[in-house]
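Subject: Structure handover

Hello,

Here is the structure we talked about. Please open it beside this email, and then read on for what turned up.

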Amino acid sequence: MVPDIEIQHLSVCFDTAQGPVYAVNDLSTTFQAGRISGVIGESGSGKSLLGMSILGLLSGQAKVEGTCMYKGMDLYRLPEKEMQEIRGKEIALIPQNPTESLNPIRRIGKQLTECMTVHGNKDKELADSRRDEFLRRFGFSDPDRINRAYSFQLSGGMNQPVISAMGLMNRPKWVIADEPTKGLDAILRRQVYQVLKEISETDTEGMIVITHDIALAGVLCDRLMVLYKGSIMEVGDTRTILEHPAHPYTKGLVASLPAK
């Protein structure tokens, strides 16, 4: 059975000219395997920093305190070489900015297959097959055309599903999806939701969805955590949080949803 991801007393601090700034402040939580956990809150609340901390992807300016336990290992203290074995293979990230995540001078297909070969999988036929499978699942009816393309030849709405496919190429045990519907229209948002739901049921053992899209979180996630200024306001069952919010901040978030 795939283990949970347990975070205890996480603080992320940045030194500034005005003094230390805590972007995440003494945060403790457990992301349970077998469930889709949502992390919601406004921009700047610390959502992405939380996700990036799990994979050791924060900048060198970030000072990280606390523990992140997975398979008996503290990911915050793991040497980079060992983290490389976990990152993308055990725990994968679907990043929120395709422009920064895709290499503009390499073809899409090559970047997708490299996600497997970098972890030692030399089966080119398997990599090509899985690449085309995920592109089709994310709505591309002509994978060959996408594979030959460069990221600058595709729209932002097309590149977003591409990096989603990239994060899943190794069939990781855990997926961290950071703003997977950012910048997408309603049709593409529904498509991404459907694929993430399917993936959570068939391909992965646990998923963390970081989003300001409360509607997405409401239909996709089993459990929600509400962040504000790097601290947890409340956490619990999704339906309870959205239908009966206890904290004033959560009430404001829910009230901001468009009327049905």
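A217 is buried, and its relative accessible area is 0%. Keep in mind that this is a predicted model. Buried here means under 20% relative accessible area, so A217 at 0% qualifies.

Where does A217 sit? It belongs to helix α9, residues 214–220. Which residues touch A217, once neighbours within four places in sequence are left aside? They are I40, T211, L224 and T238. I36 lies 181 residues from A217 in sequence, yet the two C-alpha atoms are 9.3 Å apart in space.

Now the whole protein. There are 11 helices and 10 strands. Of the 260 residues, 50% are buried. A compact globule of 260 residues would have a radius of gyration near 18 Å, and the protein has 18 Å, so the two agree. The C-alpha trace spans about 50 × 50 × 45 Å along the principal axes. Take the contacts with a separation of 6 or more: 67% of them join residues 24 or more positions apart. The accessible surface is about 12,800 Å². Carbon and sulfur atoms hold 50% of that surface.

S37 has I208 in β8 as its bridge partner.

Then there is a four-stranded sheet.

It is also open, with the order β2-β1-β4-β5 and antiparallel pairing. Its edge strands are β2 (19–31) and β5 (73–74). Again, each has a single partner strand, so one side of each lacks a neighbour in the sheet. Strand β1 (residues 5–16) runs antiparallel to β2, and nine bridges join them. For L10, the bridge partner in β2 is L27.

Helix α1 deserves a look against both sheets.

In the four-stranded sheet, α1 lies across β1, β2 and β4 (62–70), at about 115 degrees to β1.

Which residues of α1 (residues 47–54) are buried? They are K47, L50, G51, S53 and I54. These residues cover an arc of only 160 degrees around the axis, which puts them on the same side of α1. An α-helix has 3.6 residues a turn, so residues three or four places apart point the same way. Just after α1, G56 takes a positive phi of about 65 degrees.

Best wishes

Note on methods:
Residues are numbered from 1 along each chain as its sequence is written. This is a predicted model: local features need pLDDT of at least 70, side-chain atom pairs count only at pLDDT 80 or more; totals for chains, interfaces and linings use all residues. Side-chain values use heavy atoms; hydrogens and water are left out. Buried means under 20% relative accessible area, exposed over 50%, partly exposed in between (1.4 Å probe, protein chains only). Helices (H or I, at least four residues) and strands (E, at least two) are DSSP runs, numbered from the N terminus. The arc is that of the directions from the helix axis to the C-beta atoms. Two strands pair if DSSP finds at least two bridges between them. The radius of gyration is taken over C-alpha atoms; the globule rule is 2.2 Å times the number of residues to the power 0.38. Contact means heavy atoms within 4.5 Å. Accessible areas come from the Shrake-Rupley method with a 1.4 Å probe; for residues, only the protein chains shown count as cover. Axes are lines fitted to C-alpha atoms, for helices over the stretch in contact, and angles run from 0 to 180 degrees between N-to-C directions.
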